[in-house]
Amino acid sequence: MTGLKALSPKKQIRSKGKIRFSVFCGTSVDGFLARPDDTLDFLNAGEGVPHGFPEFLNSVDVVVIGRRTFEVVRDLGHFGLYGKKPVAVLSSRPLDLSSIKARLEQMSGTPHEIAAQLEKRGFRHAYVDGGITIQRFLLAGLVHRITVTRVPVLIGQGIPLFGRLPHDIYLRHLSTRSYKGGLVQSEYGVDGPSGTQSRKKPQAFLPEKRKTKK
Ligand SMILES: NC(=O)c1ccc[n+]([C@@H]2O[C@H](COP(=O)([O-])OP(=O)(O)OC[C@H]3O[C@@H](n4cnc5c(N)ncnc54)[C@H](OP(=O)(O)O)[C@@H]3O)[C@@H](O)[C@H]2O)c1
């Protein structure tokens, strides 16, 4: 993969919306991607039942991961996970990728700058991974679809999938499936550019209005 270059954060480049970013990850029921020390053993509580990852991976043409996820995958020697897809590793610091036999390049910049670079190169569907990285792309309004597979375990502390937000982001529930072993997978669409634009106030949890006697 060539041409994925670090961009100056001063340039106000915006994606033209030609590329979609999708999330596909596994969490504990209490919402953690990994333990505080980056270990992932708790994901085995789902008994490793197939739940659509190869099919999802086939649907993307590039993978975008955060530096911390990259380090974990590298240390585990698991780059085969991404098949032959090109992988962009995001980091603001120099990374030595030379020893890794995978289609890897480093990128940095705002999510829109990264999206613009990728779409200019013809990529149309990206798999975005890593908690902080996902949160930044979500806030930029670039995430189109979120598939979370909850593993039946609570771990109490760890690295969260989602974080603090300056505003709500509304999701559209698309489907939920359960698998043998207790995995529960839910798929959501993210509404509009920020997920908050054209949305009416949700009524589901508001108290019903009392009928007044005439
Ligand atoms: N359970 C699962 O399905 C699953 C999936 C993915 C990851 N994980 C695990 O979850 C943990 C993820 O950790 P995390 O949320 O702290 O990190 P992360 O998103 O993997 O990495 C965060 C780092 O990515 C870099 N980064 C992100 N956006 C950037 C941008 N726009 N420009 C430049 N650099 C950017 C920054 O690196 P610098 O600090 O170098 O600038 C940032 O500190 C890991 O343990 C990983 O193994 C689990």
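I began at the end of helix H2, where glycine 77, just after the helix, takes a positive phi of about 65°. Helices (H or I, at least four residues) and strands (E, at least two) are DSSP runs, numbered from the N terminus. Residues are numbered from 1 along each chain as its sequence is written. The model is predicted: local features need pLDDT of at least 70, side-chain atom pairs count only at pLDDT 80 or more, and totals for chains, interfaces and linings use all residues.

Next I looked up which residues of H2 are buried, meaning that 20 or more other C-beta atoms, placed from the backbone, lie within 10 Å of their own. They are Thr69, Phe70 and Val73. They cover an arc of only 100° around the axis, which puts them on the same side of H2; the arc is that of the directions from the helix axis to the C-beta atoms. An α-helix has 3.6 residues a turn, so residues three or four places apart point the same way. I found that the buried residues of H2 pack against strands S3 (62-66), S4 (87-90) and S6 (125-129), contact being C-beta atoms, placed from the backbone, within 7 Å.

I then turned to H4, where Gly131, Thr133, Ile134, Phe137 and Leu138 are buried. Their arc of only 165° around the axis puts them on the same side of H4. Just after H4, glycine 141 takes a positive phi of about 80°.

Lastly I examined the ligand. I noted 27 residues surrounding the ligand, with Gly66, Thr69, Ser92, Gly130 and Gly131 the closest; a residue is near if its C-beta atom, placed from the backbone, lies within 6 Å.

Terms used:
Buried ≥ 20, exposed ≤ 12 C-beta atoms within 10 Å, placed from the backbone. Contact = placed C-beta atoms within 7 Å.
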